[in-house]
Amino acid sequence: MRALRLALGAAGVAGIVTGLFFLLPQPGLWGVVVWFAGAIALHDALIGPLVLAVGLVVARLPDRAVVRGALITMGGLVLITVPALLRPGPSPNPTVLVQPYGRNLLICLAVVAVVAVVLVVLRRRR
Amino acid sequence: MRPTLPQFRGRLHDPRTAVAIGRWLGTAVLVCFLTGLISHFLQHPPGWMAGLLPTRPTWGYRLTQGLHVASGLAAIVLVMAKLWTVYPRLFAWPPFRSPAHLVERLTIALLVAATVFELFTGLINILQWYPWPFSFTSTHYAVAWIVAGSLLLHLAVKAPLIRDNWRSRPGVDTADRRALLTGVGAAVGAVTLTTVGQAVTPLRAFDLLAPRNPDVETQGLPINRTAAAAQVTYASSDGWALEVTGPKPYRITLAELNALPQMEVRLPIACVEGWSANAWWTGVPIRDLLDRAGVPRGTSLRVESLEVWGYYRTMEMPAQYADDLTTLLALRLNGEVLSLDHGYPARIIAPNRPGVLQTKWVSRIEAL
């Protein structure tokens, strides 16, 4: 176990050093640092507290297992679609960003909600 | 003095949840990292590797790059669930117990920042959106190593905790935890199902949220770089003749190319952004063109495009692709003459290569 941990740790340090070796000589490095810090700030100060606050409410609800699963699924779908909704400017070509993302996201969220309701009904009947 | 810190009573913020979700996340990151390396080396092989890149299976890059983007999207959900699990530890007091503990927390900050950075810049990149001051491809590659390295270091540090929580135990694994993990699994499934159709043909009907839908196409295929973006017009190819260099260099017009024996192959375009689609290509085998120039087998090529500017204006093709029977200078796509956006008058199509190397608007083929 100890040897394995040391080997893993050494490989990890080697990986980090390799990454820094490629990263540090690049132009725009300061931008990378800002985006790294932004990634932590965005999660720890905004997304994390928001999700935990929702969790406090959900914990008090009946059928919270299903409600929570539905909300996690909806959150995942929103997260991967938000950039497509926010992207400014025209699409670079007629075959990229081809979908009506707002409408499609609403359809997906509605499907998740319907599935959640069906699950709740089925669980209560049992 | 201990400041007022948030208190967390939720019982699922524990090592068992972290291990259960961490396993999935680790698997997704591993798949993403390895397929990313494959993509990197197919595009930028070191000299010794160029001759070893495989031409089969023809759909190899389609599979690996489809997996790259799918595992990255899945990891977005999983990393959020993982961070939710360990969030209370952000407020541990005292902030560090020893210098070693401080270093460990700093490497975790690096792991989190690098992972979130890598996944979200990847997500934004597949939209062909570049709202940052650095080069995407080289940064994405460098940070991938930092993610992989800091993840291995994290596994090494947490190994005893991971071992102790690897198996479910009665009393610890309550219905509540199973429900949470099921919910996370459902989220991964939903994200995958609504996006993976951009690469997996049978699931196209469910492709509601991906940047691409292969059903939105011209001549049966989506486009990555348009002629307008490359500043190529029909006028660019007025008086066009392909130049082939070698022991017996020559120039050949489009009419003469059309008069040569044609070959039809079915090969996919598979893009770094994760979408892919199959198509029928008709044209002249590159090997035939090289034979006319007296270029021996085993010769690698440099292919130039009419493109005015672009990272991929010139492309190098290792010998095994040049000699492959299915590698064409394609003149037709799905039975029609190539449109300008698809590379008129002629483009390269080769097996198992990233879309950016399937050079369009070819002007010159140089034997190296």
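**A walk through chain B**

Guide: In the hairpin formed by β3(B) and β4(B), with five residues between the strands, G274(B) adopts a positive phi near 100°. Please keep in mind throughout that this is a predicted model.

Visitor: How many bridges pair β3(B) with β4(B), and in which sense do the strands run?
Guide: Strand β3 of chain B covers residues 263-270, and β4 of chain B covers residues 276-285. One of the pairings places M263(B) against its bridge partner G283(B) in β4(B). The two strands pair in the antiparallel sense, and the number of bridges is eight.

Visitor: Which residue of β7(B) stands opposite T282(B)?
Guide: β4(B) is also joined to strand β7 of chain B, residues 328-333, and these two strands run antiparallel with five bridges between them. Within β7(B), the residue opposite T282(B) is R332(B).

Visitor: How many of the ten residues of β4(B) are buried?
Guide: β4(B) pairs with β3(B) over eight bridges and is joined to β7(B) by five. The strand is described as mostly covered, and the count of buried residues in β4(B) is seven.

Visitor: What distance separates the centres of domain 1 and domain 2 of chain B?
Guide: The domain assignment places domain 1 of chain B at residues 15-206 and domain 2 at residues 227-367. Their contact takes 22 residues from domain 1 and 20 residues from domain 2. Taken over C-alpha atoms, the separation of the two centres is 36 Å.

Visitor: Which element gives the most to the side of domain 1 of chain B that touches domain 2 of chain B?
Guide: By class, this side of domain 1 has ten nonpolar, ten polar and two charged residues. The elements of chain B that give two or more residues to it are α1 (15-43) and α3. With seven residues, the element that gives the most is α3(B).

Visitor: Where does the largest share of the largest nonpolar core come from?
Guide: This core has 120 residues, and those with the most contacts inside it are A75(B), V77(B) and L78(B). Leaving aside residues up to four places away in sequence, A75(B) touches L25(B), A28(B), V29(B), C32(B) and L119(B). The largest share of the core, 15 residues, comes from residues 60-86 of chain B, that is, from helix α3.

Visitor: Which helix gives the most to the side of chain B that touches chain A?
Guide: In this interface 62 residues of chain B are in contact with 54 residues of chain A. At least two residues each are supplied to the chain B side by α3, α4 (99-125), α5 (136-164) and α6 (175-193). By class, that side has 47 nonpolar, twelve polar and three charged residues. With 15 residues, the helix that gives the most is α5(B).

Visitor: Why does D176(B) count as partly exposed, and which residue of chain A does D176(B) touch?
Guide: D176(B) lies in helix α6 of chain B, and D176(B) counts as partly exposed because 15 C-beta neighbours lie inside 10 Å. D176(B) and L12(B) are 164 residues apart in sequence, yet 8.2 Å apart in space from C-alpha to C-alpha. Not counting residues up to four places away in sequence, D176(B) touches L12(B) and, in chain A, A65(A).

Visitor: What percentage of the residues in chain B is buried?
Guide: Chain B has ten helices and ten strands, and its C-alpha atoms fill a box of roughly 85 × 45 × 35 Å along the principal axes. Of the 368 residues in chain B, the buried share is 44%.

How values were computed. Residues numbered from 1 in each chain as written. Chains lettered and ligands numbered in written order. Predicted model: local features only at pLDDT ≥ 70, side-chain atom pairs only at ≥ 80, totals over all residues. Core = buried A, V, L, I, M, F, W, Y, C linked by C-beta atoms within 7 Å. Buried ≥ 20, exposed ≤ 12 C-beta atoms within 10 Å, placed from the backbone. Helix = DSSP H or I, 4+ residues; strand = E, 2+ residues; numbered from the N terminus. Contact = placed C-beta atoms within 7 Å. Domains from an automatic or database assignment. Nonpolar A, V, L, I, M, F, W, Y, C, P; charged D, E, K, R; others polar. Pairing = 2+ DSSP bridges.
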